[in-house]
Amino acid sequence: MLSIYLGQMEEAIYYPPAYFNNTYDDEWITDPLTVEMIKDVDKSEVIGPHLIESPVLGPISVKEISGGVKTLILMDFDDSGRIFNASACGNNCAKWILEIGKRKDLTINLRHIMNFGKEPFEIKILNNGEMVHDLDRFIAVAAKYV
């Protein structure tokens, strides 16, 4: 289940892309979900654990993928118990955050109002314990904290 703490959270990793660059494992990059996220968010193809083909930048290293994708990969694979600031992600990452939250218990920090789309979802707001199931309610609650 996806749980979100809205607003400033001291213990959250504020800039996940830097943390990613120093902690990722090669096998994370070739995982089918990661390959799909990189293709969707960055419009790039995973060639191997050390090479990504970007339509804009050409061949790039894993450290050159977007901060949003790096943060998503950490959410999926990092098992340290750390909480990541998902404000490093754009709205194009929202569906992937929801997907990862369906696959495992995931707690994130958000410092902005993210557009989770029109489809119903289940998010626990840690600030007040409320369960929200649609974007309108999420916005109403999030506006109190961010």
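Student: Is the crossing of α3 and α4 left-handed or right-handed?

Tutor: In this predicted model, the crossing of α3 and α4 is right-handed. The axes of α3 and helix α4 (residues 67-77) come within 10 Å and cross at roughly 160 degrees. Angles over 145 degrees count as roughly antiparallel, and α3 and α4 are therefore roughly antiparallel to each other.

Student: Which residues of α3 and α4 meet?

Tutor: From α3 the residues are Leu-33, Thr-34, Met-37, Ile-38 and Val-41, and they meet Val-69, Leu-72, Ile-73, Asp-76 and Phe-77 in α4.

Student: How should I read the pair α3 and α5, and at what angle do their axes cross?

Tutor: The axes of α3 and helix α5 (residues 94-103) cross at roughly 165 degrees and come within 11 Å, which makes α3 roughly antiparallel to α5. The crossing of α3 and α5 is right-handed. On the side of α3, the residues Leu-33, Glu-36, Met-37, Asp-40 and Val-41 meet Lys-95, Trp-96, Ile-100 and Arg-103 in α5.

Student: Which residues touch the most other members of the largest nonpolar core?

Tutor: As a general idea, nonpolar side chains in soluble globular proteins tend to be buried together. Here the largest nonpolar core has 45 residues, and Ile-97, Phe-116 and Phe-138 touch the most other members. If residues up to four places away in sequence are not counted, Ile-97 touches Leu-2, Leu-72, Met-75, Ala-86, Leu-106, Ile-108, Met-114 and Phe-116.

Student: Where is Ser-44 placed, and is Ser-44 buried or exposed?

Tutor: Ser-44 is in the loop between α3 (32-41) and β2 (45-48). Residues under 20% relative accessible area count as buried, so Ser-44, with a relative accessible area of 2%, is buried. Its side chain reaches the backbone oxygen of Asp-42 at 3.1 Å, and, leaving aside neighbours within four places in sequence, Ser-44 is in contact with Ile-38, Lys-39, Ile-52, Glu-53, Ser-54 and Pro-55.

Student: Where does Val-56 lie, and does Val-56 count as buried or exposed?

Tutor: Val-56 lies in the loop between β3 (51-54) and β4 (58-60). Exposed means over 50% relative accessible area, so Val-56, at 73% relative accessibility, counts as exposed. Along the chain, Val-56 and Lys-43 are 13 residues apart, while their C-alpha atoms are separated by 9.0 Å.

Note on methods
Residues are numbered from 1 along each chain as its sequence is written. This is a predicted model: local features need pLDDT of at least 70, side-chain atom pairs count only at pLDDT 80 or more; totals for chains, interfaces and linings use all residues. Side-chain values use heavy atoms; hydrogens and water are left out. Helices (H or I, at least four residues) and strands (E, at least two) are DSSP runs, numbered from the N terminus. Buried means under 20% relative accessible area, exposed over 50%, partly exposed in between (1.4 Å probe, protein chains only). A polar contact is a pair of N or O atoms within 3.5 Å; within protein, one must be able to donate a hydrogen and the other to accept it, and residues adjacent in sequence count only if both atoms are side-chain atoms. Contact means heavy atoms within 4.5 Å. A nonpolar core is a set of buried Ala, Val, Leu, Ile, Met, Phe, Trp, Tyr and Cys residues joined through side-chain atoms within 4.5 Å. Axes are lines fitted to C-alpha atoms, for helices over the stretch in contact, and angles run from 0 to 180 degrees between N-to-C directions. Angles under 35 degrees count as roughly parallel, over 145 as roughly antiparallel, 65 to 115 as roughly perpendicular and the rest as oblique. A crossing is left-handed if the near helix is turned anticlockwise from the far one by less than a right angle, and right-handed if clockwise.
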